[in-house]
Amino acid sequence: AVALDGDTQFSAATNNPSALTGSFTFSAWVKTAKTGTLKNEQKVGFATGCNFLVHPLKPADDDTASYGIAVLAGGVNLFEYGGDSLPAVLRCPATLGDGWHHVAFTVEDGGAPGLYIDGAYAKTGINTGKTKCLYAGVNIGGDEFGRFSGDADDVCYYERALSADEISALYDALSPLADDKPISAKPAIGVEYTAGSASVTISCD
């Protein structure tokens with residue numbers, strides 16, 4: 001697991017990052033005591049000061065929006081960043097400040113995002129109508145509009161929308177300090193992110 005301080009510890013975007021488009025899944029174990037107010041859902045807006053576990057990277061095409069996720073002790077927001085807009089497209093209150101929790105979200109065929117908490121379906125967000133993508137392995141721990149304060153482990157990306165049963169299996173199989181691999185044993189992309197003496201493996205299938 002890696003501890004992120006909400007200030008100086010994060011992984012910045014790289015040149016030509018890999019973008020998952022259309023259908024994808026993000027999954028991670030998180031622990032945070034960070035409090036704050038969840039952003040309301042909207043199709044247009046600009047959110048700042050968020051506890052971004054993954055900060056969305058702005059695509060070059062204004063009709064495309066990339067995804068990010070912010071986790072607080074009081075719940076989860078999902079965001080789309082495209083053009084001049086960075087709205088929260090999902091708001092889900094939950095009790096997450098009491099230790100490790102598993103969070104995952106999926107997008108299938110460019111539809112509305114679905115959120116899962118601790119292996120169970122939690123909520124579906126709104127669909128802005130933009131082409132959707134997720135940049136794998138970049139801006140872990142946040143960037144200019146908010147940085148993550150807390151711990152993270154088993155940060156995984158998948159180039160398809162996992163089923164509810166597969167996400168439940170991830171929750172059952174992976175503990176915050178497990179050496180278990182994601183569903184595919186041969187990730188297409190792997191990044192080892194280090195902060196101090198701790199590290200977290202970021203993988204993409």
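Predicted model: local features only at pLDDT ≥ 70, side-chain atom pairs only at ≥ 80, totals over all residues.
View 1. A polar atom of the Asn51 side chain lies 2.8 Å from the backbone nitrogen of Ser149. When neighbours within four places in sequence are left aside, Asn51 is in contact with Thr32 and Lys34, with Ile69, Ala70, Val71 and Leu72, and with Arg147, Phe148 and Ser149.

**View 2. The largest nonpolar core.** This core has 28 residues, and those with the most contacts inside it are Phe26, Leu53, Ile69, Val76, Phe105 and Tyr157. Two or more residues of the core come from each of the elements β3, β4, β5, β6, β7, β8, β9 (114-117) and β14. Among these contributions, the largest share is that of β3, which gives four residues. Apart from this core there is a second, separate one of nine residues, which includes Cys50, Ala70, Ala88 and Phe145.

**View 3. Phe105 and its contacts.** Which residues does Phe105 touch, leaving aside its neighbours within four places in sequence? Phe105 is in contact with Phe24, Thr25 and Phe26, with Tyr67, Ile69 and Leu78, and also with Gly114, Leu115 and Leu134. Phe105 is also among the residues with the most contacts inside the largest nonpolar core, and one aromatic cluster brings Phe105 together with Phe24, Phe26, Tyr67 and Tyr157.

**View 4. The aromatic pair of Phe26 and Tyr157.** Ten aromatic pairs are found when the whole structure is searched. In the pair formed by Phe26 and Tyr157, the ring centres are 5.4 Å apart and the ring planes stand at 75 degrees, so the pair is edge-to-face.

**View 5. The salt bridge of Lys123 and Glu41.** Side chains of opposite charge can pair when their charged atoms come close. The structure holds four salt bridges, and in one of them the side chains of Lys123 and Glu41 meet at 2.8 Å, N to O. The pair links distant parts of the chain, with Lys123 in strand β10 (residues 120-124) and Glu41 in the loop between β3 and β4 (52-54), 82 residues apart. Lys123 has a relative accessibility of 27% and so counts as partly exposed, and Glu41, at 28%, likewise counts as partly exposed.

**View 6. The salt bridge of Lys58 and Asp84.** The side chains of Lys58 and Asp84 meet in a salt bridge with an N to O distance of 3.8 Å. Here too, distant parts of the chain are linked, as Lys58 lies in the loop between β4 and β5 (64-72) and Asp84 in the loop between β6 (75-81) and β7, 26 residues apart. With 40% relative accessibility, Lys58 counts as partly exposed, whereas Asp84, at 71%, counts as exposed.

**View 7. The salt bridge of Glu80 and Lys132.** In this view the side chains of Glu80 and Lys132 meet in a salt bridge at 3.9 Å, N to O. The two residues sit in distant parts of the chain, Glu80 in strand β6 and Lys132 in strand β11 (residues 131-135), and they are 52 residues apart.

**View 8. Thr95 and Gly97 in the loop between β7 and β8.** Thr95 has its place in the loop between β7 (88-93) and β8 (101-107), and Gly97 lies in the loop between β7 and β8 as well. Thr95 counts as exposed because its relative accessibility is 63%, while Gly97, with a relative accessible area of 41%, is partly exposed. Not counting residues up to four places away in sequence, Thr95 touches Ala73 and His101, and Gly97, with neighbours within four places left aside, is in contact with Thr32 and Ala73. From C-alpha to C-alpha, Thr95 and Gly74 are 5.3 Å apart in space although 21 residues separate them in sequence. Gly97 and Val30, which are 67 residues apart in sequence, have their C-alpha atoms 9.8 Å apart.

Note on methods:
Residues numbered from 1 in each chain as written. Heavy atoms only, no water. Buried < 20%, exposed > 50% of the residue type's maximum accessible area, 1.4 Å probe, protein only. Contact = heavy atoms within 4.5 Å. Phe/Tyr/Trp six-rings, centres within 6.5 Å; stacked < 30°, edge-to-face > 60°. Core = buried A, V, L, I, M, F, W, Y, C linked by side-chain atoms within 4.5 Å. Polar contact = N/O pair within 3.5 Å; in protein donor to acceptor, adjacent residues only side chain to side chain.
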